[in-house]
Amino acid sequence: MKAFVYRGPGKKALEECPRPEIAAPTDAIVKIAKTTICGTDLHILKGDVPTCQPGRILGHEGVGIVDKVGPAVTMFKPGDRVLISCVSACGKCIYCRKQMFSHCTTGGWILGNSIDGTQAEFVRTPHADTSLYPIPEGADEEALVMLSDILPTGFECGVLNGKVQPGSTVAIIGAGPVGLAALLTAQFFSPAEIIVIDLDDNRLEMAKRFGATTAINSADGNAVETVMKMTAKCGVDTAIEAVGIPATFEMCEQIVAPGGTIANIGVHGKQVALHLERLWDRNISITTRLVDTVTIPMLFKTVGSDKIDPKLLITHHFKLDKILEAYEAFGNAAKTKALKVIIEA
């Protein structure tokens, strides 16, 4: 089968690889219909994720058709259309019982990280009964690809961890796909203001179309001053970090109000300064999280009832044999205006 393979920092290739086989009774093999690229994949290619070793097939999102199942799989059979969660969960371990599926002792974020992932024609999905979701008849597969990771990530790590409430003021630093996913889902809670900060005017225009009340280009270095002026020098109730670099996390520290919350989503590959000399007396909370995907069933319903349209995040389409072009477009978003790309296997 064709698959996209990580070959070390800065190195990648589309290669012919063996098809995956059932390795455990709880496994399923899924024939990929559609997948996508995540910002985390770019972090892997930079060498920021040491758990992902050269030779790994990347990708942790997608929809497809069940090809084979292990003897212990009871919820799915060959031919079923399924959504693949980016997080594999046994449903039994101490962390799964706390709904911390991302820390499952035999799963978690392993697809495209410690085992081969979804940017291929076929993928082996461990713990199939608790890591796959049946796709309802007539559902839009492209929209559902956004439910594998990006929508629950923005919602769980940003909105829920950030304690967004009716009437609150929210700032989202980073208008990339995950920041925009947080923007879309923050509106479930009717905050009074959602401020989006980025360097890319195209993404800021999209943020305004998606519901941002204010969009700020931070290129002039005045974003913090602008936010503080807007909030009568108080700051924001929730600051969501959706980039994963030191400068954006420190911006969150500068704009969070007393009693507020900094919710980190970004994948950080470098040390970040925590300015406790400024924050120690401000009653703030700082939250970190890897998505647990516990909200996928709820998001299925909101998408199915047209309460939210994740297809707004999709800008480009590619075939699997053009995945190198897809990475080029996704990695140069300022030039290509790419958000999420759909890759058809």
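**A chat about strands, cores and a serine**

Tutor: Happy to! Let's start with a pair of strands: E12 and strand E13 (residues 256-264) run parallel and are joined by five bridges. Keep in mind that this is a predicted model.

Student: Which residue in E13 is the bridge partner of alanine 239?

Tutor: That's isoleucine 262.

Student: And what joins E9 to E12?

Tutor: Four bridges do, and those two strands run parallel. For example, valine 170 has threonine 238 in E12 as its bridge partner.

Student: Why is E12 described as largely enclosed?

Tutor: Strand E12 covers residues 236-241, and five of its six residues are buried, so the rest of the structure largely encloses it.

Student: What's the strand order in the whole sheet?

Tutor: It goes E11-E10-E9-E12-E13-E14, an open sheet of six strands with parallel pairing. At the edges sit strand E11 (214-217) and strand E14 (285-287), each pairing on one side only. From one strand to the next, the twist averages 15 degrees.

Student: What does pairing mean at the level of atoms, in general?

Tutor: Strands of a sheet pair through backbone hydrogen bonds, in a parallel or antiparallel way.

Student: New topic! How many residues are in the largest nonpolar core?

Tutor: It has 54 residues, and among those with the most contacts inside it are Leu83, Leu147, Ile172 and Val196. Several elements supply at least two residues each, including H3, H4, strand E9 (169-173) and helix H6 (201-210).

Student: Which helix gives the most?

Tutor: H5 does, with seven residues.

Student: You mentioned Val196. What does valine 196 touch?

Tutor: Not counting residues up to four places away in sequence, valine 196 touches Ile172, Ala175, Leu183, Leu204, Ala207, Ala212, Thr214, Ala215 and Ile216.

Student: What about a second core?

Tutor: There is a separate one of 18 residues, which includes Ile37, Leu45, Phe318 and Tyr327.

Student: Which residues are buried in helix H11?

Tutor: In H11 (residues 323-331), Tyr327 is buried, and so are Ile323, Ala326, Ala329 and Phe330. Seen down the helix axis, the buried residues of H11 fall within an arc of 165 degrees, so they line one face.

Student: Now serine 148: buried or exposed?

Tutor: Serine 148 counts as buried because its relative accessibility is 0%, and under 20% is the cut-off for that label. Serine 148 is in the loop between helix H3 (141-145) and helix H4 (150-160).

Student: What lies 2.7 Å from a polar atom of its side chain?

Tutor: The backbone oxygen of isoleucine 84 does. Setting aside neighbours within four places in sequence, the contacts of serine 148 include His60, Glu61, Leu83 and Thr293.

Student: And where is glutamate 61?

Tutor: Glutamate 61 lies in the loop between strand E4 (56-57) and strand E5 (62-69). Glutamate 61 also counts as buried, because its relative accessibility is 0%. Leaving aside neighbours within four places in sequence, glutamate 61 is in contact with residues including Ile37, Ser148, Asp149 and Lys340.

Technical notes. Residues numbered from 1 in each chain as written. Predicted model: local features only at pLDDT ≥ 70, side-chain atom pairs only at ≥ 80, totals over all residues. Heavy atoms only, no water. Buried < 20%, exposed > 50% of the residue type's maximum accessible area, 1.4 Å probe, protein only. Polar contact = N/O pair within 3.5 Å; in protein donor to acceptor, adjacent residues only side chain to side chain. Contact = heavy atoms within 4.5 Å. Pairing = 2+ DSSP bridges. Axes fitted to C-alpha atoms, helices over the stretch in contact; angles between N-to-C directions. Arc of directions from axis to C-beta. Core = buried A, V, L, I, M, F, W, Y, C linked by side-chain atoms within 4.5 Å.
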